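Hi there,

Here is the structure I promised to pass on to you. Have a look at it first, and then read on for what turned up in it.

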Amino acid sequence: MPTKSQPKIKRSFQTAKGMRDILPEDQAYWEKIRKVIRNLTRTYGFKRIDTPILEDKDLFVKGIGAYTDIVEKEMYTLRTKGGEKLALRPEFTPAIMRAYLENGLSSLPHPVMLYSLGPIFRYERAQKGRYRQSYQANFEIIGENDPILDAKLIQLFFSISKEIGLKEIITQINSIGCSRCRPAYRRKVVSFYRSRKKQLCVDCQRRLQQNPLRLLDCKESKCMQIAAQAPQTIDYLCEDCNGHFKNVLEYLDELEIPYILNPYLVRGLDYYTKTVFEFWPEEEEGRQIALGGGGRYDNLIKLLGGKDTPSVGFAMGLDRMINLMKAREIKVASKNRPLIFLVQLGELSKKRSLGLFEELRRAGLETASSFSRDTIKSQLRIANKRQARLALILGQKEALDETIIIRDMVSGSQEVVPLAKVVKEVKKRLKNN
Ligand SMILES: [Zn+2]
Ligand SMILES: [Zn+2]
């Protein structure tokens, strides 16, 4: 027996800060978006992959970059009893690449197209629409350099949005160059900001040494004013990056996808190269949280120990998409299947109802019951509350006669039918309505 006495304080529990429950009433939205993603990824040729929520902490430090907000401030880390240092995934991409390398997916024909659905965790400042556990759909096309894939991923986002009823969305796009042209650009940025260091916010003063490109997308107004004068990446792209970016934009034009060039978009993660993009609702562009975003990461797999494997991907925030659906009053048609309510009285009919339940279920009929209520009247009251279409009443007499009463819950009319024919009779009545 444990010697510690239980604390006598009476308390109630709540979700941890920044966490929330997704209640039954909201599930129709989640089902809808997941279904759309499953259908579209299939037609686009993606295969699903699920990776663990917990990974080696260093995978993210190395993959995302030590001097990023995610790694510095937002990642949930823990040390196991065995001493391993793990992290709750703050995003999918490094984990997917780890799985790609570990499971030999590199021997498959390329490009390898993978998608995932699941939660990610970030210790963010709690504010409206930001959750510390949020849900993402993540898409990766691994192993090809072709700019048409960048455009195709952007198209996929728009296909998903359209299918769930979201229009008036705009893509912000930029190219941040490659390992050949970025160093020169980076030097330009550093020298531009060095002379203005005192005017920067505290975070930016610190970032100037470690991750100077982050200064371009700081949301502090004083930093934004300075960024407006800063050198722009697209003026420093090498021929290869320039051609790649031009092609991406041409394909977007061809697909009639709305986009604007945002020279300050850098996405803040170390692994991006060339194309970076974000999706915003038109009415709140750049203001709060993007609906999704991604880009090309031609060096990531090599960085994680694989071969040079150019790749491109993006993630979509499902919470954000659903919140926008609600804000724009988009209805999700929840299929209201007619409910059958089974009322039983007495031990024999209770026994009979077990087989009947199974029979109705096999016929595809949604059936409910309330076994703990003992009077027919109280059971019918529950049937009414649950808006059942029909009630099937199996009393002591009916159980003996092998009959059952079908009650229309709308009109109140009742009819006795043989128990053996009940499924047929129920179907007939549902069809007539
Ligand atoms: Zn380049
Ligand atoms: Zn700043």
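**Domains**

The centres of domain 1 and domain 2, taken over C-alpha atoms, are 50 Å apart. Domain 1 covers 24-181 + 237-327 and domain 2 covers 339-432, with bounds that come from an automatic or database domain assignment.

Before the details, please keep in mind that this is a predicted model, in which local features need pLDDT of at least 70, side-chain atom pairs count only at pLDDT 80 or more, and totals for chains, interfaces and linings use all residues. Residues are numbered from 1 along each chain as its sequence is written, while chains are lettered from A and ligands numbered from 1 in the order in which they are written.

Helices (H or I, at least four residues) and strands (E, at least two) are DSSP runs, numbered from the N terminus. Three strands make an open, antiparallel sheet in the order β2-β4-β3; two strands pair if DSSP finds at least two bridges between them. The edges are β2 (54-56) and β3 (77-79), each with a single partner strand, so one side of each has no neighbour in the sheet. From one strand to the next, the twist averages 40°. β2 and β4 (residues 85-88) run antiparallel and are joined by three bridges, and Glu55 has Ala87 of β4 as its bridge partner.

Helix α2 (residues 57-64) packs on this sheet and touches β2, β3 and β4, its direction making about 70° with that of β2. Axes here are lines fitted to C-alpha atoms, for helices over the stretch in contact, and angles run from 0 to 180 degrees between N-to-C directions.

**Two helix pairs**

α2 also meets helix α4 (residues 93-102): their axes come within 9 Å and cross at roughly 110°. The two are therefore roughly perpendicular (angles under 35 degrees count as roughly parallel, over 145 as roughly antiparallel, 65 to 115 as roughly perpendicular and the rest as oblique). Leu59, Phe60, Gly63 and Ile64 of α2 make the contact with Pro94, Ala95 and Arg98 of α4 (C-beta atoms, placed from the backbone, within 7 Å).

The axes of helix α1 (residues 27-44) and helix α11 (residues 318-327) come within 10 Å and cross at roughly 120°, and α1 and α11 are therefore oblique to each other. On the α1 side the contact uses Tyr29, Trp30 and Ile33, and on the α11 side Leu318, Met321, Ile322 and Met325.

Enjoy exploring, and write back with any questions!

Best wishes

Note on methods
Contact = placed C-beta atoms within 7 Å.
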